[in-house]
Amino acid sequence: MNNRWKKVLFPALALVAGFGTMTLIEVSASEDEKKEIVDTRPTVTVETAHAEDYQVVIANYGEVQPLERTMISSQVSGEVVSWHANFVAGGLVLRGSTLFSIEKDTYEAALLQAQANVSLAQAQLIEEKARGDVAKQEAKSIPNSQVSDLYLRKPQLLSAEANLKSAQAGLKIAQRDLDNCAVIAPYDALVVSRNIGVGQFIVQGTTVGEIYSVEAAEVIFPIAGFDREFLPDNLADKEAQITTNGYNPIKRTGLISRDLGVVDQATRMSQLVVRVNDPYSLKSNLPALKFGNYVQVSFSGRTLDHIYRLPQALVNNQTVWVMDKDSKLQPKKVEILREEGEFLLISKGISDNDNIVTTLPEYPQMGMEVKVVNVAVANEPLAQQAN
């Protein structure tokens, strides 16, 4: 009896054990398959494109130069008796200041002599007028045929008047020479050089120094051919920003004065001039903009309608990658209108609400399925995100 049960029980137990083992294997295999199913789509970040009306900024570099440069010389000869304390290289002198003075004795004497000549000529004129009046009275008692201009002393009167004018001209010259003994600054000026000293005798017309006007400075800067089409219609008196380079940049404001009116044959560039008033800040608390500084000049150009402003890193070979509604990559050819700093201005090729891919897979391909990791910011304007 026991052997019979053994023959029946053992196969049944083996069958149950085998079935259980198979079930465990299937469950384990199913779990392994589930674990092996992973999302292999590359991750990207996207930002939404929005068009804007954008005002172009035109910028280039130029050197700060004085509006006026004057070589100082004396209009009279003589010995230098004094000079202004600031009439030294690097000194600043105000308009109307006496730069240096020449000994006056000779010119004061010449003025006195000229004044005496005027008085003498006036006396001679008065005398001739009186003689002419006497001649007119006497002419009434003689026939008209005997009365001549010489008899009436008209030539003598004209000669006396001419002598008076000549004496008056000599007086003006003598007064001018005396006044020119003091050489006056014609404007607020920076002294560049001085070549005289006290006791030195200088000859009329000798150059004794050089000064630059600090009442106004100019910056001449080039405009490239690709910038010309973005210039505003009216440049006259348009405000421009002037900035120096360096750790502590100087910022000043100027006005566009004029276009030099020619295109350089070598560079094919035109040139504009910006004028800055009071560059050395004699009349303000602004930082001084010294001559010779190499500065950047920037000003607002035309306003462009419906423009997309993208970082240059997102545009490769005039192509921008976007993510379509099926979360697939699509390349779009774009038309680059202008480069400004780290941005490109795009006029055609993308549309509002396009999802611009800002971080691409290593080898992007058309139709590649991707997943987005920055859904929360995908609806923010691209230009705002870039900033």
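Two strands are counted as paired if DSSP finds at least two bridges between them. Strands (E, at least two residues) and helices (H or I, at least four) are DSSP runs numbered from the N terminus. This is a predicted model, in which local features need pLDDT of at least 70 and side-chain atom pairs count only at pLDDT 80 or more, while totals for chains, interfaces and linings use all residues. Residues are numbered from 1 along each chain as its sequence is written, and side-chain values use heavy atoms, with hydrogens and water left out.

**View 1. Open sheet of four strands, in the order E3-E10-E8-E5.** The pairing in this sheet is antiparallel. Its edge strands, each pairing on one side only, are E3 (69-73) and E5 (92-93). E3 runs antiparallel to E10 (residues 207-213), and five bridges join the two. Ile72 has Gly209 of E10 as its bridge partner.

**View 2. The largest nonpolar core, with 29 residues.** A nonpolar core is a set of buried Ala, Val, Leu, Ile, Met, Phe, Trp, Tyr and Cys residues joined through side-chain atoms within 4.5 Å. Buried means under 20% relative accessible area, exposed over 50%, and partly exposed in between (1.4 Å probe, protein chains only). Ile242, Phe291, Val297 and Phe299 have the most contacts inside this core. At least two of its residues come from each of the strands E2 (52-66), E11 (216-223), E12 (239-244), E14 (270-277) and E15 (294-311). E15 gives the largest share, five residues. A second, separate core has 23 residues, among them Ile72, Phe87, Val93 and Tyr187.

**View 3. Surroundings of Phe291.** Contact means heavy atoms within 4.5 Å. With neighbours within four places in sequence left aside, Phe291 is in contact with Val64, Gln65, Pro66, Leu190, Tyr212, Ser213, Val214, Ala217, Pro279 and Tyr280.

**View 4. Strand E16 (residues 319-323) and its two partners, E17 and E20.** Five of the five residues in E16 are buried. Thr319, Trp321 and Met323 point one way from the strand, and Val320 and Val322 point the other way. In a regular strand the side chains alternate between the two faces of the sheet. E16 pairs with E17 (residues 329-333) in the antiparallel sense over five bridges, and Thr319 has Lys333 of E17 as its bridge partner. The hairpin of E16 and E17 has five residues between the strands, and Ser327 in this hairpin takes a positive phi near 60 degrees. E16 also pairs with E20 (residues 355-359), in the antiparallel sense over two bridges. Here the bridge partner of Met323 is Asn355.

**View 5. Arg338 in strand E18 (residues 335-340).** Arg338 is buried, with a relative accessible area of 8%. Its side chain makes a polar contact of 2.5 Å with the side chain of Asp227. A polar contact is a pair of N or O atoms within 3.5 Å; within protein, one must be able to donate a hydrogen and the other to accept it, and residues adjacent in sequence count only if both atoms are side-chain atoms. Not counting residues up to four places away in sequence, Arg338 touches Val56, Val57, Ile58, Phe226, Asp227, Phe230, Phe343, Leu344 and Leu345.
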